[in-house]
Amino acid sequence: MTIRHDWTRDEVVALFERPLNDLLFTAQELHRQHHDPDAIQVSALLSIKTGACPEDCGYCPQSAHHDTSLEKESLLALDEVVAAAHAARAAGATRFCMGAAWRSPRDADIELVASMVQEVKALGLETCLTLGMLTDTQATALRAAGLDYYNHNLDTSPEYYPMVVSTHGYDDRLRTLDAVREAGLSVCCGGIVGMGETRADRAGLLLQLANLAHHPESVPINHLVKVPGTPLADVPDLDPFELVRTVAIARILMPASVVRLSAGREQMSDELQALCFLAGANSVFHGEQLLTTPNAAPARDIDLFARLGLRTSDHTEHDHSGGTDRGPLLYGSACANESNAPEPA
Ligand code: SAM
Ligand code: DTB
Ligand code: SF4
C-alpha cells in the first residue's frame, strides 16, 4: 500500500461528498491494513504554563486577548510535572503531553522544559510538547533531551486561518513543523472542526496535512470546545457527521498515522465517539482535564472502551512491531486494584 503525498483538492472534496457508509467502509478497510482495529493509544495532557498568551487565536481560552476568567499560572515546577506524569502512567497513559501557552519559548524556557522531558521519559512514558513556534536550535535541543513528539497544529485551512488568528500566520506554523521534522522529532499535527469553517476548509486542512513531505505520525482532530469569552463561543454547532467524515478522510489520506479524537469528547455521545473510532480514530486524551477545559470523565472512558471491546495499547508509530497490549484503563475504582496496574517501566 503506497502512502500518497500528492492528493488533489478535488479528490479530498469528492471524499467529503461520498455517502457516509461508503466512506466508513473505505476508512475501516485502510485502518485494518495499518492498525490493530481494537486497540487505542492513550495520551495524557498537562498544562505546564497556563493563560496570558500573547496570541489571539479565536478558539483559545488561554489568549490574553479574550476575557475568559481563566486562572493563569506560570511555568510549573519540575516535581509537579513529574507527579502528574506518575499519575498519568498509573492511569494507563503511554504518552505524556505537556502544553504551554506561549507564542514561542525563550531559550531559558527550553532548558527548564528539557529537564521535564528527561524526567518524564525516565518514567517510561513517551514525551510530547506543545510550546508554540520553535527555532531549529530549540527543536534540536529538545530532541537531544529525549523528546519524542512535538505537537503543532495547522488547525484549519490556510484560507480560514486568518479569520481565526491574526498574530501569526500559516507560514509560521509550517516553518515550525519543518524545524521539528528536521530535528528528527515525530510530528503531532492536526486541527479543529466546528469553528464555523466550511466543508471546503475542512478539506483544505486535511489536504495540507496529507501533502506534507512526511505525514504527521499523530493527527489530532479536535472538536471546538466553546469557551465563553472567546470570539468563537457562539458559532453554530457543527453537524456531528461532519466530524465523523473528517476523521474518516484523515484515516484515508494518512492511513499509517495515528488519528486522535482529541478535544471535545466531553460533549460527544458515546455513539458519536464509537462512530469516530469506526472511522479510524485510534487515540484519545484520557484524564479529567485537557489543558484548561474538562475532558470526558475517565470513568466514562473505561466504561465506553469496555463496551466497545477496545484495548489500550502502547503500540506507537516508533514501533511498527504491533506493540504490547496494556489492557484496561486504570482510573476510577480499578485504580485501587494494584494487580491491574501496569508494570513500572
Ligand atoms: N500555544 C501552543 C500552540 O498554539 O501551538 C500550544 C498550546 S495550544 C492550546 C494547542 C492546541 O490546542 C491548538 O493548536 C488547538 O488545536 C487546540 N485548542 C486550543 N483551544 C481549543 C478549543 N477551545 N477547542 C479545541 N481545541 C483547542
Ligand atoms: C491538541 O491537538 N489538542 C490538545 C493538545 N493538542 C495540546 C489541546 C486541546 C485544548 C482544548 C482546550 C483547553 O483545554 O484549553
Ligand atoms: Fe496561545 Fe496556543 Fe492558545 Fe494560540 S492556541 S492563544 S498560541 S496557547
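Modeller: What follows goes through the ring pairs, then the charges over rings, and ends with the ligand. The model is a predicted one.

The count of aromatic pairs comes to two. In one of them, the ring centres of Tyr161 and Tyr170 are 5.4 Å apart and the planes stand at 75°; planes over 60 degrees apart count as edge-to-face, so this pair is edge-to-face. Tyr161 has a relative accessibility of 1%, and it counts as buried because the limit is under 20%. Tyr170 has a relative accessible area of 9% and is buried as well.

Phe277 and Phe305 form an edge-to-face pair too, with 6.1 Å from centre to centre and 70° between the planes. This pair links distant parts of the chain: Phe277 belongs to helix 10 (residues 270-279) and Phe305 to helix 11 (residues 298-308), and the two are 28 residues apart. Both Phe277 and Phe305 are buried.

Two other rings have an arginine over the face. Arg95 lies over Tyr149, 3.8 Å from the ring centre, and Arg260 lies over Phe285, 4.8 Å from the ring centre.

As for the ligand, 18 residues are around ligand 1, and those that come nearest are Tyr59, Asn153, Asp155, Arg173 and Val225. Val225 also has a polar backbone atom 2.9 Å from a nitrogen atom of ligand 1. For Trp102, a polar backbone atom is 3.2 Å from a ligand 1 nitrogen, and for Ala100 a backbone N or O atom lies 3.4 Å from one. Ligand 1 taken alone exposes 550 Å², of which the protein buries 89%.

Technical notes: Residues numbered from 1 in each chain as written. Chains lettered and ligands numbered in written order. Predicted model: local features only at pLDDT ≥ 70, side-chain atom pairs only at ≥ 80, totals over all residues. Heavy atoms only, no water. Phe/Tyr/Trp six-rings, centres within 6.5 Å; stacked < 30°, edge-to-face > 60°. Buried < 20%, exposed > 50% of the residue type's maximum accessible area, 1.4 Å probe, protein only. Helix = DSSP H or I, 4+ residues; strand = E, 2+ residues; numbered from the N terminus. Lys NZ or Arg CZ within 6 Å of the ring centre and 35° of its normal. Near = heavy atom within 4 Å. Polar contact = N/O pair within 3.5 Å; in protein donor to acceptor, adjacent residues only side chain to side chain. Areas by Shrake-Rupley, 256 points an atom, 1.4 Å probe, with all protein chains shown as cover.
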